Amino acid sequence: MLDRDNYLGQQIGNYLVVEKLGSGQFGTVYRAQNKLVAERIVAIKLINNKYVNSQEECERFLQEARLLLRLRHPHILPVIDIGEHQGIPYMITEFAPMASLRHYTARLFPNQLPLQQILTILSQVGQALHYAHQNAIVHRDLKPENILFNAKEEALLADFGIAIEMPVTTVKNDATVIGTPSYMAPEQFQGTVSKLSDQYALGCIAYELVTGQRPFQAPDFLAIAFKHAKEAPIPPRQLNPSLPIHLEQAILKAMAKERIQRHADVAAFIAALDTPSAVSLTPPPPPPLSGPDLVSLTPSFVTTVLKGPSGPTMLGPTEVTIGRAAGNTYVVNDPLISSYHAVIRPNGPGYTIFDLNSRNKTFVNEQIVMPQTGHALKQGDKIRIGNTTFEYMYDISNYSTAAGTIGILSDRDKQLESQQRLEQLEQLVSSGKLGQTSTDFRANVRKSA
Ligand SMILES: Nc1ncnc2c1ncn2[C@@H]1O[C@H](COP(=O)(O)OP(=O)(O)OP(=O)(O)O)[C@@H](O)[C@H]1O
Ligand SMILES: [Mg+2]
């Protein structure tokens with residue numbers, strides 16, 4: 001019988017599989033050589049057979065892989081080709097001869113990489129991540145194993161998007177928890193993931209590189225989820241007193257529990273690592289514990305919501321993507337909607353919607369939205385994508401104020417909101433829902449916690 005998880009010696013496409021490089025959560029990676037040009041070496045990742053339950057799931061994986069073919073950046077591991085081998089989807093990428101960041105740190109243990117090298121790696125990975133974010137792709141599973149090195153010892157970020165689709169097909173539970181717990185943002189344990197979760201993961205990697213230890217360690221998944229949600233990490237300079245203070249501050253900001261407390265984006269995080277002046281040397285003042293409900297008319301505090309089929313989504317300081325793929329902020333299961341269909345970006349006091357070159361286009365009040373120019377949204381605008389309609393509006397129902405006109409979200413409201421999120425996590429934990437992951441995921445958690 002065919003051994004579905006061992007492809008040594010087999011021919012896949014134009015390549016002969018010569019060596020098994022390792023296995024991860026979703027598949028196995030092999031070194032392979034071109035059958036006509038032996039010196040042309042590639043890596044082939046085959047998805048584990050057990051994850052491919054139907055033609056539809058295969059097609060979904062391939063659809064995501066097609067998207068990744070478009071990602072071209074000097075610090076992203078290039079995807080060369082995709083295909084199907086005996087019904088199993090595979091992805092061919094460049095071979096990274098210098099192995100992963102995990103191998104680097106393991107080889108050096110208990111010593112650490114020189115600080116300059118750490119900063120170079122973080123900068124290269126950060127640039128790659130920022131580029132992907134600008135293309136509406138969230139990594140979701142950033143960890144040292146997915147940072148590889150080419151022959152020139154430059155960092156290459158790998159496995160973009162793999163984690164976006166696969167767990168949707170394999171981990172079916174309320175809190176669809178995906179990722180590697182040591183690097184997962186608090187919100188990710190609740191099934192919410194965004195670019196800011198990637199930034200948190202990069203912060204955790206930076207922490208580990210400069211201190212030699214992961215920010216949170218615990219024997220099981222729930223304990224680690226709690227630590228990410230509630231515990232402050234030991235300040236890095238307590239573990240490495242020679243670390244410049246601005247690096248400690250930049251890393252801790254990236255690892256803030258609340259998304260809005262993190263750097264505006266990964267580029268800002270990298271800039272803060274680079275220049276001491278980019279980070280304020282005095283911590284920001286804490287929000288007032290009590291005070292007037294109506295604190296300011298700053299546009300970002302106006303509660304703007306997008307009302308869709310699964311209820312309202314509050315728009316905040318970061319962009320919101322809409323599409324079928326699980327990596328979106330607003331996931332809509334509508335076959336007429338593309339994987340990454342549209343994006344709503346903050347634009348001064350309001351928001352602008354852009355179409356992401358979707359197959360069936362994006363409409364506002366039945367007018368086509370152009371991918372380049374977008375459409376500045378106004379109160380009451382009806383956004384239609386596929387068969388799904390969203391309404392863009394200021395939410396005056398939830399946050400009525402003294403003025404009674406438009407909704408203003410005070411600092412106190414924001415504190416209450418974060419408190420509610422924490423309570424939700426506690427409820428999830430106490431009801432056991434956070435633990436209801438598939439056996440495979442638990443196994444992986446044990447492996448990588
Ligand atoms: N393109 C590549 N070139 C060289 N080695 C690679 C390449 N891709 C992966 N590897 C090696 O194969 C190992 C397994 O990779 P894989 O992506 O399957 O698992 P992982 O990174 O540990 O977890 P995950 O499934 O979450 O990505 C990696 O740790 C890495 O050492
Ligand atoms: Mg990987």
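This is a predicted model: local features need pLDDT of at least 70, side-chain atom pairs count only at pLDDT 80 or more; totals for chains, interfaces and linings use all residues.
Local features were taken at pLDDT of at least 70 and side-chain atom pairs at pLDDT 80 or more, while totals for chains, interfaces and linings use all residues. Residues are numbered from 1 along each chain as its sequence is written, and ligands from 1 in the order in which they are written.

The largest nonpolar core holds 93 residues. Such a core is a set of buried Ala, Val, Leu, Ile, Met, Phe, Trp, Tyr and Cys residues joined through C-beta atoms within 7 Å. Buried means 20 or more other C-beta atoms within 10 Å of a residue's own, with C-beta atoms placed from the backbone. I44, V125, L157, L202 and A206 touch the most other members. Helix α5 (residues 195-211) gives the most to this core, with 10 residues. Helices are DSSP runs of H or I, at least four residues; strands are runs of E, at least two.

In helix α6 (residues 221-230), F221, I224, A225 and H228 are buried. They lie on the same side of α6, because they cover an arc of only 105 degrees around the axis, taken from the directions from the axis to the C-beta atoms.

An open, mixed sheet has the order β12-β11-β13-β14-β17. Strands pair if DSSP finds at least two bridges between them. β12 and β17 stand at the edges, each with a single partner strand, so one side of each has no neighbour in the sheet. β13 and β14 pair in the antiparallel sense over 6 bridges.

Around ligand 1 stand 22 residues, each with its C-beta atom within 6 Å. G22, G24, A43, A96 and E145 come nearest. β2 gives the most to this shell, with 3 residues.

Note on methods
A residue is buried if 20 or more other C-beta atoms lie within 10 Å of its own, exposed if 12 or fewer, and partly exposed in between; C-beta atoms are placed from the backbone.
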